Each structure stands twice: as structure tokens, then as C-alpha cells.
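Hi everyone, thanks for making time today.

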Amino acid sequence: MSAPDRINDRINDRINDRLAMPLPATIAEAIALEMERDPAIVCVGEDIGRAGGVFGTTRGLQERFGRDRVLDAPIAEMGFTGMGVGLAQAGMRPLIEIMFVDFVGVCLEQMYNAAAKIPYMSGGRQRMPIVFKTAGGCIGSAAQHSQCLWGLFAHLPGFKVVAPCNPHDHKGLMAAALRSDDPVVFIEHKALLLQKGRDFRHHPDVPAEAYTLPIGQAAVVREGSDVTLATLSATVEHALAAAEELAGEGVSVEVIDLRSVVPLDTATVAESAARTGRLLVVDEDYLSFGLSAELTLRVIEALGHGALRQTARLAVPDVPIPAALSLERAVVPNAALIAERLRAMAKGA
Amino acid sequence: MSDTVQQTRFRRMLAMRAFDEACLDALRRKAIHGELHVGLGQEAIGAGMAEALRPEDAVVSTHRNHFHALAKGVDRRALLAEICEREGGLCRGRGGHMHPFDPDTNFSATGIVGASLPVALGYAHAFAMRGESAVAVGVTGDGGSHTGGFHEAMVMAAARKLPMVVLVENNALAISVQFSEVSPTDTVAERAAAYGARGLHVDGTDVDAVADSFATAMAHARDGCGPVIVEATCHRFRGHFEGDPEGYRPRAERQRLRDSFDPITLYRARLEAGGADPAALDAIAAEEKAAMKALLAEVLEMDMPDPAEALRYRFTEEAPA
């Protein structure tokens with residue numbers, strides 16, 4: 001084997017190694033690289049130190065950066081979320097982990113009344129560089145461990161709200177969140193946290209070095225001409241699966257990954273919908289007063305009434321997430337439900 | 001104790017009372033259009049804190065925060081202008097009286113009862129991990145001492161022996177609810193033992209006693225001995241907020257508290273008994289009152305924020321260059 005071939009083999013091995021990385025390891029890598037370059041970053045949360053996080057997203061950080069910078073907190077979310085506010089005011093850059101987003105009810109006070117409002121209430125004098133890292137989404141854990149809630153955070157002014165869908169974006173957006181001077185709610189999807197790089201259809205490749213992605217830019221992850229489908233987080237995978245299925249039926253679906261709810265990249269969605277004339281917003285969060293209505297209306301406002309032939313929404317129909325699989329499949333958007341909705345749209349005008 | 005220290009304490013209390021009286025004046029002139037919580041009757045606590053606070057220390061205060069801000073060294077012109085909702089205020093009129101933030105002096109507050117303590121905990125952790133000698137002070141009232149955040153902050157601060165002082169201004173009334181009716185313990189200070197922390201109970205109408213206790217607490221925390229709860233009992237002379245009908249206490253009771261427990265009257269009597277010249281004390285009172293009157297006149301001339309700027313300062317990119 002020639003020298004260049006050996007080098008190519010080694011590069012391929014390395015790429016394959018990285019494709020075998022579980023998504024949590026990619027996230028831990030992103031945090032570690034940022035902690036290396038910025039000593040002000042402090043992580044606080046339940047089981048994030050010795051255990052490395054219940055999903056492994058902080059594995060190895062405490063060993064590397066010590067117990068002061070990676071702090072195992074007691075089950076006292078109100079206490080340690082407010083601690084994040086104080087750390088930020090004291091010049092640190094805290095990452096506060098709320099293990100599951102469903103637990104936010106016990107500490108929302110410090111998030112929405114303090115962290116989100118202080119930059120404004122202080123007239124811009126007090127920055128609030130906090131990342132609220134949390135896991136959301138449905139993996140069969142029923143009503144109290146399956147919610148997304150990004151619509152809740154987006155409704156409360158002052159948060160940036162990020163929910164990535166693939167390893168590449170998790171790494172780049174986590175780095176961007178840790179470098180942001182604004183409070184960022186970073187919602188990982190539990191179903192994605194159980195996967196490895198190569199399980200992802202879109203952008204499984206993750207460079208080893210640190211990089212950032214801009215917060216607030218959607219990505220067109222599949223081009224199409226008949227329907228624009230906008231969604232985010234784990235639903236992007238379901239949307240891509242449904243789009244593949246519909247392609248076999250002669251329907252061309254453009255899939256857009258929103259990547260963040262705040263800022264919401266209406267322009268990218270509107271540009272696509274103006275071409276296709278049909279907009280479907282799929283949201284794993286609750287239907288009413290949420291992302292699906294907000295985005296649809298913003299697109300209509302951007303393009304004018306009558307610019308779209310069809311709009312449709314698919315989201316959790318205002319019901320707690322049920323325990324039984326048969327019920328869960330009926331209410332949480334999945335590839336089958338998305339394909340069904342796309343078919344209905346294609347049969348319409 | 002030298003006369004200078006005593007005179008300074010007396011002047012501080014007078015300055016604090018004059019400040020809140022200026023706020024009441026501003027309210028009457030409709031320069032404040034929302035809620036106002038003044039601290040009349042609680043001056044000895046604010047004045048007693050001031051001496052042991054260093055510039056690098058942090059104070060996280062409550063809805064009734066003016067005296068703590070002044071004790072921490074927040075510029076009183078900027079503070080009054082913020083309370084009067086002016087563009088030239090501490091927070092450009094976006095925060096108002098319940099939400100003053102001053103990164104320059106490490107002072108902040110919250111309008112949510114009990115929410116100050118977790119924030120103080122964060123400062124304390126930052127100070128400890130950076131090896132600094134600063135102390136974080138979280139202020140709350142008797143009402144806030146019953147919240148979950150109080151407990152959580154004490155658990156975490158005590159477990160790590162963080163430099164935190166919890167100052168409880170116990171005025172015995174959480175709006176209308178009496179401390180004695182809802183507290184499982186006679187004092188808040190005695191709860192410190194449950195956290196392995198130090199608890200101090202002090203008469204919050206006695207500025208000398210507050211200054212001593214608060215200095216003891218700050219030294220304890222600064223020396224790495226862990227958090228301290230300082231409970232200062234006091235009386236609120238006015239309603240919970242301006243406009244509070246105070247149906248929960250008879251007018252005669254309020255008058256009795258004013259007559260018996262005014263920290264300024266009490267201290268003046270002590271100073272005079274010690275030989276202080278009444279004319280000199282009168283002069284201090286007159287100076288502070290005049291200074292605040294002039295300051296209020298100046299603040300009322302300041303501009304209101306521009307409505308076109310109402311959305312600014314939510315995110316970094318909207319802040320000034």
C-alpha cells in the first residue's frame with residue numbers, strides 16, 4: 001500500500017470512528033472545547049459530574065475540569081437555576097442543565113423572571129450569558145417526561161430557543177450558545193440522544209475541532225417543489241422519511257430544519273413556500289398557541305394573503321402525552337402521520 | 001466607639017429616610033406610575049449593613065430594595081431616576097423601582113419574594129471558585145424565608161461552605177400574614193442550625209446592633225466558615241405598598257410601632273444621652289432632607305425613555321455599540 005493510500009485509510013478510519021460517536025459524546029466534545037477556551041464556563045446540574053449526565057452529554061467533563069466547574073447539584077432546580085443567574089452576574093458563563101425539560105415547572109421562576117428579563121430590565125447593562133441545556137421530546141415516557149415546550153420558552157420574551165436535529169448542528173449550535181451573551185434554552189431531543197452519528201440521514205459528519213453555527217438560521221435539508229415542510233429537532237428525521245416516501249408517489253417535498261424557534265427564520269420558510277405554494281408546519285410541541293400557528297402566520301404576513309394555496313399544521317393536539325404506544329402514535333407526529341398529511345395536501349388544490 | 005462612626009450611622013439612616021420620602025413625593029407628583037414599596041422604619045438595617053460591605057461584595061435584594069442599594073453604594077441619583085422611570089436612570093427606565101441592576105457595584109434585586117437567595121448563591125460560588133475574598137449577601141424578608149428557594153440556597157451554600165450571608169428583614173408581616181401564625185419556629189435565625197450554618201438574631205431597629213451582627217456575619221463568611229443567616233427584626237411603618245389599605249392592622253397599632261420603634265428616634269436618643277449636640281444632629285437631618293429635595297427636582301427634569309426604543313435591550317444585538 002502506498003503512503004497516500006495509507007493516509008487516506010487512516011482518514012477514513014477516523015471519519016468512521018466519528019460516525020460511531022453517540023450524539024451525547026459529540027455534545028460533550030462541544031462543551032469540553034468551549035470550556036478549554038473559556039475558563040468562565042461553569043456547568044451545574046443533576047448527575048452531570050460523576051455520572052456524566054443521564055444521557056452522557058457531559059461525560060468526562062468533571063474529570064477534566066474539576067468539581068468547581070462541573071458541579072453535581074442536589075435536586076434543587078430553583079436553587080441552582082437561580083445560581084446560574086448569580087454566576088452570570090458575577091462574570092461567569094454558566095451552563096445549567098435541567099435534566100428533562102418537563103422539570104422546568106419547579107424553576108421557571110429564575111428562568112423567565114430573572115434570566116430572560118434581566119438584560120432588558122437593566123437597560124442592557126447586565127448581560128445574561130447562560131445556557132439552559134435540557135432534554136425534551138417523546139421516547140415513550142408519557143406525560144411528565146415527553147414534552148418539548150420550546151413554544152413555552154419562545155412565548156416568554158428574552159430567551160433564544162435552539163433545538164438541533166443532527167450531530168453537526170448540535171456541536172456548532174452548542175458552541176454558539178456557550179459563546180452567546182444572551183440566555184439560550186438548548187433543547188436536545190431524547191430520541192436523538194440515543195443515536196450514533198451514522199444513524200442520522202442529514203449531516204452526521206462532525207469535525208473534530210471547535211466551530212460555531214449562527215443561531216437563527218434555518219437549513220433546507222431536502223429540496224422539493226410541491227410542498228414546503230418546516231419542522232425541527234427529531235421530527236426532521238421523520239419528515240425526511242416521509243418526504244422519501246412521498247417522492248415515490250410523485251410528490252416533491254422541500255424539508256426545512258428551523259434549528260431555532262427564537263430567532264425564527266421566517267425568511268427561509270417564506271422563500272420556499274412562495275415557490276411551492278403549500279406550507280406544512282410539523283411540531284412535536286403542543287398545537288395551540290405555538291410554533292405551528294406562529295410560523296404559518298408569519299409566512300402569510302411576509303408573502304401576503306393569497307400567496308399560498310394551502311397551509312396545514314401537524315402537532316400534538318393539546319393533550320398530555322399518553323403512555324400507551326397505540327395512543328402515542330396517534331398524537332405525536334411521526335413519519336406515518338406526516339406522510340398521511342402530505343398526501344392529503346397533494347390531493348387538495 | 002468614636003462619635004464619627006455614630007454620626008455616620010445617624011446620617012446614613014437620615015439619608016435613607018429622606019430618599020424614601022423623596023420617592024413618596026415623586027409618587028404624589030405622579031412621577032412613579034406603578035407599585036412602590038418603601039422601607040420607612042427599616043433604616044437601621046440598611047445603614048447597619050453599609051460599613052461591612054466592600055465594593056467587591058454582592059448584594060441581591062428584594063422588592064423593598066432602596067436602602068440596600070444605597071448601602072451597597074449604588075449612585076442615588078441614578079437610582080432615584082430609575083424609580084422615577086427616566087432614560088437617565090440606572091437601567092434606562094426599563095427596570096423601575098423593583099428591578100435595579102448595577103453591575104458596577106454588584107447590586108441587583110428581584111420583585112419575586114425569596115428569589116434573591118439562589119442568585120446570591122451563584123455569586124458566592126463564583127467568588128469561592130475564583131479564590132476571591134468577596135461575600136454574597138442575599139436579602140429577603142420573613143415571607144421569603146418560607147420559600148423553597150431559601151431552603152435550596154441554604155442547602156447548597158452550607159454544603160460547600162460558600163461565602164454567603166442571608167439577611168432576613170423580619171418585619172413580622174408578609175403583606176398581611178403574621179410571622180407568628182405561619183412560622184414553625186420562633187425565629188428564622190434558629191433554622192440555620194438545621195443547615196449546619198450560623199444564625200444571628202438582632203434587633204433591627206438598633207443600628208449599632210445591626211452593624212455589629214452584620215460585621216460578624218460578613219467576617220464569618222469571608223473567612224471561609226460558611227453561610228450565615230442574620231435575622232433583623234423590625235417594623236414596617238407604611239403599607240406593603242403605597243395604597244395598601246392595611247385592613248390587617250389597626251391604625252392605632254401602626255402608630256404605636258412608629259412611636260416606639262423608630263430607629264432614627266431611638267438612635268438620636270442614644271446619641272444625645274451620650275452627649276451629642278442636638279443642634280448638630282438637627283443639622284445632619286436638615287442637610288440630608290435638602291439634598292434629596294434638590295436631587296428629586298433634578299430627576300424630575302430628566303427625560304422619559306423614547307417610545308420608539310421600547311423593544312430595545314432584549315438581546316445583545318439590540319444593545320448599544
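Let's start with one pair of side chains: A:Asp169 and A:Arg259 meet in a salt bridge, with 3.3 Å from N to O. Please keep in mind that this is a predicted model, and that goes for everything I show you today.

Where does that pair sit? Chain A is assigned two domains, domain 1 covering 3–199 and domain 2 covering 219–347. Between domain 1 and domain 2 of chain A the count is 1 salt bridge.

Which of them gives the largest share? That is helix 7 of chain A, with 4 residues. Sorted by class, this side of domain 1 of chain A has 16 nonpolar, 6 polar and 3 charged residues.

Domain 1 of chain A brings 25 residues to the contact, and domain 2 of chain A brings 22 residues. Together, domain 1 and domain 2 of chain A bury about 1,900 Å² between them, and 60% of that is on carbon and sulfur atoms. If you want to find the residues of domain 1 of chain A that lose the most area to domain 2, look for A:Cys138, A:Trp150 and A:Cys165, which together make up 28% of what that side buries.

Next, the meeting of the two chains. Here 39 residues of chain A are in contact with 36 residues of chain B. Chain A and chain B bury about 3,200 Å² between them, with 62% of it on carbon and sulfur atoms. Which three residues supply more of chain A's buried area than any other three? They are A:Tyr120, A:Met121 and A:Arg125, and they supply 23% of the area that chain A buries against chain B.

How many salt bridges are counted between chain A and chain B? The count is 4. One pairs the side chains of A:Lys160 and B:Glu317, at 3.1 Å from N to O. There are also 18 residue pairs in polar contact across the interface of chain A and chain B.

As for the elements on the chain A side, helix 4 (77–89), helix 5 (108–115) and helix 6 (118–121) of chain A each supply at least two residues. The largest share, 10 residues, comes from helix 4 of chain A. By class, the side of chain A that touches chain B has 17 nonpolar, 12 polar and 10 charged residues.

Let me come back to A:Arg125, which forms a salt bridge with B:Asp102, their closest N and O atoms being 3.1 Å apart. A:Arg125 lies in the loop between helix 6 and strand 4 (131–136) of chain A, and B:Asp102 in the loop between helix 4 (76–83) and strand 2 (107–109) of chain B, so this pair joins two chains. Are the two partners buried or exposed? A:Arg125 counts as partly exposed, at 27% relative accessibility, while B:Asp102 is buried, at 5%.

Over all chains, the structure holds 45 salt bridges. Some lie within chain B, and one of these joins B:Asp282 and B:Arg268, at 2.9 Å from N to O. B:Asp282 is in helix 11 (residues 278–300) and B:Arg268 in helix 10 (residues 263–273) of chain B, so the pair ties together parts that are 14 residues apart in sequence. Chain B also has a network of salt bridges linking B:Arg9, B:Glu51, B:Asp206, B:Asp208 and B:Arg270.

In chain B, helix 2 (residues 43–50) is mostly covered, as 8 of its 8 residues are buried. In chain A, take A:Gly45, which is in strand 1 (residues 41–45). A:Gly45 is buried, with a relative accessible area of 0%. Beyond its neighbours within four places in sequence, A:Gly45 is in contact with A:Leu71, A:Asp72, A:Ala73, A:Phe80 and A:Glu97.

Notes:
Residues are numbered from 1 along each chain as its sequence is written. Chains are lettered from A and ligands numbered from 1 in the order in which they are written. This is a predicted model: local features need pLDDT of at least 70, side-chain atom pairs count only at pLDDT 80 or more; totals for chains, interfaces and linings use all residues. Side-chain values use heavy atoms; hydrogens and water are left out. Domain bounds come from an automatic or database domain assignment. Contact means heavy atoms within 4.5 Å. Buried area is the accessible area (1.4 Å probe) that two parts lose on being put together, summed over both. Ala, Val, Leu, Ile, Met, Phe, Trp, Tyr, Cys and Pro count as nonpolar, Asp, Glu, Lys and Arg as charged, and the others, Gly among them, as polar. A polar contact is a pair of N or O atoms within 3.5 Å; within protein, one must be able to donate a hydrogen and the other to accept it, and residues adjacent in sequence count only if both atoms are side-chain atoms. Buried means under 20% relative accessible area, exposed over 50%, partly exposed in between (1.4 Å probe, protein chains only).
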